[in-house]
Each structure stands twice: as structure tokens, then as C-alpha cells.
Amino acid sequence: AKPDGFWFGLQVRDATTSDSVTLIENSGNTTTSIRTPGIRDWRLSKNDAVMLFYSNSRWRAVASVAKLWLPTSDAVTWAAQQDNFTRTSRGISNIRVTLTGNQLLTGVVPDGVTPNGEILLIENVDTADTLTIDHDATSTAANRFFCPGAVDLALGPLHSALWRYDATSSRWRCMAFS
């Protein structure tokens with residue numbers, strides 16, 4: 001704990017890797033806890049910085065603009081249908097998929113960091129095969145997709161889709177696709 005008004009800047013100076021630092025929102029609910037914008041974990045990627053300010057017995061992250069930034073990705077190769085796909089670590093916001101034949105994705109496990117509003121980009125980086133995202137079937141209910149028009153979404157070669165997790169309906173909802 002510090003006196004009210006104490007502040008310092010935190011900068012991730014590593015510009016060569018995809019590593020990140022995550023400020024965990026109100027972990028432990030003590031005088032060393034951090035309050036972050038949007039009341040959610042705050043991820044700092046390479047060359048990011050934030051000011052931490054101590055006020056009312058809590059550290060507070062001061063940021064002028066929240067950003068949509070997808071700094072971490074999983075590069076995967078799928079040769080079979082994927083049910084309840086689990087990313088390699090917490091905070092992965094982009095899945096880059098190479099396929100062995102046409103494949104089906106029925107669900108992705110939310111990362112648990114931001115259970116309502118998590119953004120996930122799924123990219124079919126394959127140059128020949130199609131990734132079909134199944135509408136509301138097979139995977140555990142909380143990991144499934146709600147596709148536009150309630151029909152499966154086919155991501156042809158070099159296409160992608162942006163999803164948002166809706167905790168109210170416990171489904172991934174499509175925001176955009178190409």
C-alpha cells in the first residue's frame with residue numbers, strides 16, 4: 001500500500017516476442033489489488049505501457065482508450081473434427097488453422113479471463129481446404145457457436161471469422177466473416 005496519489009508507469013519493453021503481461025482485475029480484493037478499465041483483466045503486449053495510480057486503497061490502471069488487439073495466437077493443424085477445442089494457454093485471442101482435408105469445428109472453450117465479451121478470431125490459413133463452423137451442435141453447450149442465419153458457416157481457404165462470447169446465452173456469436 002502507498003499513499004493516495006502515488007503513481008508509476010509500467011512498460012513492456014520486450015519488442016521481439018509475443019509474450020505479454022496481464023494485470024489481473026481485483027485479484028485477492030486487498031490493498032495490493034488492481035482495478036482495471038472495463039473491470040476486466042488488462043493485457044499489455046510488446047511496447048505497451050500503462051500508468052498505475054494508487055487511490056482509495058487500490059491500484060488503478062489509467063488508460064485513455066481501450067483497444068481491440070489480438071496479440072496472441074495458436075497456430076494449429078487439424079486433421080479431424082474439433083469438439084470443445086481448448087487453446088494452449090489463457091488469453092489466446094486468435095486461432096490460425098491449417099487443415100488436412102475439409103474439417104468441422106463445433107466449439108471452443110472460453111478462456112475464463114473475460115467470460116462475457118471475449119473476442120476470438122478464427123482464421124483458415126489453409127490454401128485448399130474448408131473449415132466449417134457448426135451451428136449449435138456436438139460440443140458442450142457453453143462452447144458452441146451461434147452462426148448467422150442459424151446455419152453452419154463455411155470458411156473457405158484464406159477466410160476468417162470474428163466471434164464474441166455471450167455469457168448470457170453461453171454461446172459464441174459471429175461478429176463478422178470474410
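**View A. Phe145 meets its bridge partner Trp172 in strand S15.** Strands here are DSSP runs (E, at least two residues) and helices are DSSP runs (H or I, at least four residues), both numbered from the N terminus. This is a predicted model, in which local features need pLDDT of at least 70 and side-chain atom pairs count only at pLDDT 80 or more, whereas totals for chains, interfaces and linings use all residues. Residues are numbered from 1 along each chain as its sequence is written, and side-chain values use heavy atoms, with hydrogens and water left out. Strand S12 (145-146) is joined to strand S15 (residues 171-177) by 2 bridges, and the two run parallel; two strands are said to pair if DSSP finds at least two bridges between them.

**View B. Strands S14 and S15 form a hairpin with 4 residues between them.** Strand S14 (residues 160-166) pairs with S15 in the antiparallel sense over 6 bridges. Residues that face each other across this pairing include Leu162 with Ala176 and Trp163 with Cys174. In the turn, Ser170 has a positive phi of about 50 degrees.

**View C. His135 sits in the loop between strand S11 (131-133) and strand S12 (145-146).** Leaving aside residues up to four places away in sequence, His135 touches Phe145, Phe146, Cys147, Ala150, Val151 and Asp152, where a contact means heavy atoms within 4.5 Å. A polar atom of the His135 side chain lies 3.0 Å from the backbone nitrogen of Cys147.

**View D. Asp136 and Arg171 form a salt bridge, with their closest N and O atoms 2.8 Å apart.** The term salt bridge stands for a side-chain nitrogen of Lys or Arg within 4 Å of a carboxyl oxygen of Asp or Glu. Asp136 lies in the loop between S11 and S12 and Arg171 in strand S15, so the pair ties together parts that are 35 residues apart in sequence. With a relative accessible area of 25%, Asp136 is partly exposed, whereas Arg171 at 12% counts as buried; buried means under 20% relative accessible area, exposed over 50%, and partly exposed in between (1.4 Å probe, protein chains only). Arg173 forms a salt bridge with Asp166, the closest N and O atoms again being 2.8 Å apart. Of these two residues, Arg173 is partly exposed at 35% relative accessibility, and Asp166 is buried at 12%. Salt bridges that share partners join Asp136, Arg144 and Arg171 into one network.

**View E. Glu118 and Arg87 meet through their side chains in a salt bridge (2.6 Å, N to O).** This pair links distant parts of the chain, 31 residues apart: Glu118 is in the loop between strand S9 (103-105) and strand S10 (119-124), and Arg87 is in the loop between strand S7 (73-78) and strand S8 (94-99). Both Glu118 and Arg87 are buried. A search of the whole structure finds 5 salt bridges.

**View F. Strands S1, S5, S6 and S3 form an open sheet, in the order S1-S5-S6-S3 and with mixed pairing.** Strand S1 (7-11) and strand S3 (34-35) are the edge strands, each pairing on one side only. S1 is joined to S5 by 5 bridges, and these two strands run antiparallel; in this pairing, Gln11 stands opposite Ala49 in S5. Met51 also lies in strand S5 (residues 49-55), and with 33% relative accessibility Met51 counts as partly exposed. Together with Phe6, Trp7, Phe8 and Val62, Met51 forms a nonpolar surface patch with about 460 Å² of accessible area. Patches are made of residues with over 30% relative accessible area and no salt bridge, like charges being joined within 9 Å and nonpolar side chains (Val, Leu, Ile, Met, Phe, Trp, Tyr) within 5 Å. Accessible areas come from the Shrake-Rupley method with a 1.4 Å probe, and for residues only the protein chains shown count as cover.

**View G. The whole protein has 0 helices and 15 strands.** Its C-alpha trace spans about 60 × 35 × 25 Å along its principal axes. Buried residues make up 39% of the 178 residues.

How values were computed. A polar contact is a pair of N or O atoms within 3.5 Å; within protein, one must be able to donate a hydrogen and the other to accept it, and residues adjacent in sequence count only if both atoms are side-chain atoms.
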